[in-house]
Amino acid sequence: MLLFLWHIWIFNSLNLDWLRRRLEKRIYIPLPSFESRKSLISINLRTVEVATDVNIDEVARRTEGYSGDDLTNVCRDASMNGMRRKIAGKTRDEIKNMSKDDISKDPVAMCDFEEALVKVQKSVSPSDIERHEKWMAEFGSA
């Protein structure tokens, strides 16, 4: 059974063979390595001013098991922390009257990453990885 609702497909779990025959490819992309995480973090920070205390190696080490999307979320959250500190405790009108430069002046610091790493957790579990590796061993990528 296949229902098409707007852009959502719902598959009957009893007919996985039918589904497998209709999907052209399923490719397992492993989680990024330490070097890849460093590169992804640097790419995500290229448009943001970064404080001198930020240790990309340390952030990459602490994000073992994070996906590329998770790393993007960590960097995005860390880059927003300075603004959050500036507007904390202010009223809506006070925030409206602040200039853009006042809000976005602070560079991203290591403490911002520490806070972001508490909020942004891994989205891929070991069981997810095991399931994808099992699929690859059984059916391959094509």
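This is a predicted model: local features need pLDDT of at least 70, side-chain atom pairs count only at pLDDT 80 or more; totals for chains, interfaces and linings use all residues.

Visitor: Where do Arg 37 and Glu 64 lie?
Guide: Arg 37 is in helix H2, residues 34-44. Glu 64 is in the loop between helix H3 (56-62) and helix H4 (68-87). They are 27 residues apart in sequence, so the pair ties those parts together.

Visitor: Is Arg 37 buried or exposed?
Guide: Arg 37 counts as buried, because its relative accessibility is 2% and the cut-off for buried is under 20%.

Visitor: And Glu 64, buried or exposed?
Guide: Glu 64 counts as exposed, at 53% relative accessibility. The cut-off there is over 50%.

Visitor: How many salt bridges in the whole structure?
Guide: A search of the whole structure finds ten.

Visitor: Give me another. What does Arg 62 pair with?
Guide: Arg 62 forms a salt bridge with Glu 114, with the closest N and O atoms 3.5 Å apart. The pair links distant parts of the chain. Arg 62 sits in helix H3 and Glu 114 in helix H7, residues 110-119.

Visitor: How accessible are Arg 62 and Glu 114?
Guide: Arg 62 has 33% relative accessibility and counts as partly exposed. Glu 114 is at 37% and also counts as partly exposed.

Visitor: What about Asp 77? Which residue is its partner?
Guide: Arg 84. In this salt bridge the closest N and O atoms are 3.3 Å apart. Asp 77 is buried, with a relative accessible area of 13%. Arg 84 is partly exposed, at 33%.

Visitor: Which residues are linked in a network of salt bridges?
Guide: Glu 35, Lys 38 and Asp 57.

Visitor: Switching topic, back to H7. Which of its residues are buried?
Guide: Met 110, Asp 112, Phe 113, Ala 116 and Leu 117. They cover an arc of only 145 degrees around the axis, so they fall on the same side of H7.

Visitor: What covers the buried residues of H7?
Guide: The cover includes H3 and H4.

Technical notes
Residues are numbered from 1 along each chain as its sequence is written. Side-chain values use heavy atoms; hydrogens and water are left out. A salt bridge is a side-chain nitrogen of Lys or Arg within 4 Å of a carboxyl oxygen of Asp or Glu. Helices (H or I, at least four residues) and strands (E, at least two) are DSSP runs, numbered from the N terminus. Buried means under 20% relative accessible area, exposed over 50%, partly exposed in between (1.4 Å probe, protein chains only). The arc is that of the directions from the helix axis to the C-beta atoms. Contact means heavy atoms within 4.5 Å.
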